[in-house]
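Thanks for coming, everyone. I'd like to walk through some salt bridges today. Let me put the structure up.

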Amino acid sequence: MKTNQKYIEIIKMSLFFVVSLVIGGLSQAYLLYLEAAELGNSLEESVFIRNAFHMRESYILACLVCIGIVLLYYKGEVIGRTLYRYRFWIAGVLFVFCVIMEIHGSSIGMWARTLGSLETGEIAGISRSIRSDEWAISTPMMLSQYYQAEPFSYFSESLRGIPTDMFIVYGQPVLDTAILFRPFHWGYLFLSPGKGLAFYWCGRFIALFLVSFEMMMFLTNRRKRLSLAGAVFIVFSPVVQWWFAINGFVEMLIFAQLSILLLNQYMQTEKVWIRSICAGVIAICAGGFILTMYPAWQVPMAYLILILGIGVIVKNRKSFRFRKSDIIILAVTFFIFTGNMAHILWKSKDTIAAVLNTVYPGKRVDIGGGAFSFILNYPSNIWYAMFGRGTMSNVCESAQFIDFFPLCYMLPVYVLVKKRGKDLITVLLLGMSILLFCWSIIGFPEILAKITLFSYSTGIRAYTILGFCNVLLLFRALSFTELYKMSTGKVVVSGVVLGSVVVIGGKVVFPDFYPDIRYYVVTILAFIGLFTLLLFAANKKYQTCFILFSSCVMIYAGAFVNPICHGIEVVYAQEEVQEIQTLYEKNKTALWAMESLGPPYNNLAIMTGASTVNSTNAYPAMEHWHKIDSSKQYEDVYNRYAFVILQLKEEGDAEFILNAPDVFTVILTAEDLKKLDVDYIFTARNDLAQYSNEDVELVQMKTVDRFFIYQIK
């Protein structure tokens, strides 16, 4: 009997291994599809297929992940207990390993493709051209901080060719006490660029997963399985992954959840040193949250933090004792927080004033509404990574949390009816969700929008926070498993009805999204399964199935959005960058201009530290443009956040043309370039010598592939 059982176990393990290899193969095929779709090639032309080692590497990675999932199912109890017990140690070791190996998710490989190279530094996945805010703006700005004349200075001349605030607008690493509020930038200050980038990417990913897991533990009354699923729902949600490196969204999620957890810990402990640490980290979270500088998400998220904070205070009010030591702790924390914030505001006061007085983005007053189409759009999100597009023109704008509407409202209401409204956290989260729903779908009168500060947000942006709130609300409701007593038949029927209605409703709103019927059918089946398992989640056995199935869906929806890359040599191996770097080393004070080249080329030179007059103007370079527009005739054109395209002409006054809200073209002469103190021109044209005259001579110095470098004499 024992022998037979042993053989059965061997057969099971063999089957699990075979299944994992099959899933690994499917994952590899998915990666191939992603690359082919992004590059516009057929699968046969894929870079992965041309590179056998690269293909094998990512296949092994996919297999290991899938084997891990299968083992978690087969030996879940043992593995789960071990992972939970040592989760912080495991996270620390993984983080150190990723930093040493320079693993990150930047789409920096797009620079190689832009400049004509096939070696992109990708281990798995594909660099996304749509993430240009990251690879073409934010990451080049970060690299410029390493190579400028004074590394990590608060004000840099690499951008715009004049002293530019590197901290407040695009949030780059600076060697200043202000960096206290941006802990994920600390690695840049003592690590090489590649390792600093890995510190930033992996640190935020791991921190978000740990904090989201602990937040779910708090909301689900420490139900580990549900908490794991909840963390996966947050970290791998399409909106988090598509916005992972820009606008501080990941930082907001980390700081918001961590501050609530630390407030809860502060009120539950009697130890002074623990309370001191909690208060200090809460202050860092508060400062970091404020400095994300994106009110469209900050305002609704601040309301969510407030209501959760109220829930924590009410929950702990009877056991908490306020002592004299707390006065000292809070006073010291407040002094450090306000002192550092005052320091930042003083140093960046001119920058803040300049941004607030721009034509774009300037001051915005919104009255909400406009997000109705998003209600049933979330099922389509599972395909965004594969298609490289969403239901809207910009895939990032389409990305959402998968919140299982309307179940995210039905289950909490059911819980409150059963508990007769005696769960404050559920009541607060449900109230917050309804408030955000009203703002996002209907909107407020202007006076109410201004009073509540929602006027700084928009309906579509607030819908993102609504989705996050709904995920928290859903898992809070699922934690009351003892309340759900539905028959198997009712669960299956409910799952089929809800899954079908939601997906079909989304198809009605966005009829052109699915390329063919196969994807549509798979989406319906997937969400029927997800809704059914979600309703079965009260049963421990089905909870495991729900976690595995939903995690697989979420991972395919979000994990393949950003690539897994190694290092930054993909940038500095390009001949164009090397030539600019050589000239920069000879003359570090020289000013560069990118002629007839728009994004992303206008940020090419800053990655070497070279000062560039028409790099991305994160805020207006008034003192530059006034030199060639002394009458300020075109001030409305260049008084904005903008990508600047510079073009030469033979004679005449400088002209400024607005191409888009964040793009303008300046057409100027060689004399105007001298007024701007430009020394070198990087261009794709080989005829700039024709713009020379008696006073200014343009001399071709270098030819690099299809580009040319001129010196102005």
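**Salt bridges, buried and partly exposed**

Start with Arg204. Arg204 is buried, at a relative accessible area of 0%. Keep in mind that this is a predicted model.

So what does Arg204 form a salt bridge with? The partner is Glu251, and the closest N and O atoms are 3.1 Å apart. Now place the two ends. Arg204 sits in helix α9, and Glu251 sits in helix α12, residues 249-268. They are 47 residues apart, and the pair links distant parts of the chain. Is Glu251 buried or exposed? Buried: its relative accessible area is 12%. The cut-off for buried is under 20%. Glu251 counts as buried because 12% falls under that limit.

Where is Thr292? Look in the loop between α13 (272-290) and α14 (295-316). Thr292 has 13% relative accessibility, so it counts as buried.

Lys195 forms a salt bridge with Glu102. Here the closest N and O atoms are 3.2 Å apart. Lys195 lies in helix α9, residues 193-219, and Glu102 lies in the loop between α5 (87-100) and β1 (103-104), so this pair ties together parts that are 93 residues apart in sequence. Glu102 is buried, with a relative accessible area of 16%.

Next, a pair whose numbers sit side by side: Lys588 and Glu585. Their side chains meet in a salt bridge, 4.0 Å from N to O. A salt bridge here needs the nitrogen within 4 Å of the carboxyl oxygen. Lys588 counts as partly exposed, at 40% relative accessibility. Glu585 also counts as partly exposed, at 48%.

Then there is a network. Which residues does it link? Glu270, Arg321 and Arg323, joined by salt bridges.

How many salt bridges are there in the whole structure? The search finds 19. Among them is Arg204 with Glu251, where Arg204 is buried and Glu251 is buried. That's my tour. Over to you.

Conventions. Residues numbered from 1 in each chain as written. Predicted model: local features only at pLDDT ≥ 70, side-chain atom pairs only at ≥ 80, totals over all residues. Heavy atoms only, no water. Helix = DSSP H or I, 4+ residues; strand = E, 2+ residues; numbered from the N terminus. Buried < 20%, exposed > 50% of the residue type's maximum accessible area, 1.4 Å probe, protein only.
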